[in-house]
Amino acid sequence: MTHHDLLGGPAPTLLPADGPDATVRAALAADGDARSAARATPASSLAWALLAEQETDAVAAYAYARTGYHRGLDALRRAGWRGQGPVPASHQPNQGFLRALLALAEAADAIGEQEEAERCARFLVDSATSADEVRALR
């Protein structure tokens, strides 16, 4: 159970358990292919995050991660997120977005896009998590 911060901070945003990432988790359990999962469920942040994490080319990883990041922002907004507040990594449906965000930070760093890498790292902290916490989800 989560509680709203009575001092005025926003309540944590929790993505729905039956969202696109749940479909991808089921597909991955069946065949383990992230590319097929992304093709079948392109709204999933998790599928794109997995592709980014597996990619050896930094430019391609950046593109995959950015797609997952934007899909996740769309989902967060639909869930009531207003641009700030916790996005708990302990809530499994949030994990695909957070993994895409971390993958974007890493890929941005790899291609020399320092402002983007720093913005994404700050976003993780502002979401009440850390790169280490999200990295442990892999």
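**The largest pocket**

The largest pocket has a volume of about 190 Å³. This is a predicted model: local features need pLDDT of at least 70, side-chain atom pairs count only at pLDDT 80 or more, and totals for chains, interfaces and linings use all residues. Residues are numbered from 1 along each chain as its sequence is written, and side-chain values use heavy atoms, with hydrogens and water left out.

A pocket here is an open set of points on a 1 Å grid over the protein atoms alone, where a 1.4 Å probe fits, with protein on both sides within 12 Å along at least five of seven lines. Grid points are joined across faces, edges and corners, and the volume is the space filled by probe spheres set on them.

The lining comprises 18 residues. Nearest the centre lie Leu15, Pro16, Gly19, Pro20 and Ala75. Lining residues have an atom within 4 Å of a point. Helices α1 (20-31) and α4 (58-78) each supply at least two of the lining residues. Helices are DSSP runs (H or I, at least four residues), numbered from the N terminus.

By class, the lining holds 10 nonpolar, 4 polar and 4 charged residues. Ala, Val, Leu, Ile, Met, Phe, Trp, Tyr, Cys and Pro count as nonpolar, Asp, Glu, Lys and Arg as charged, and the others, Gly among them, as polar.
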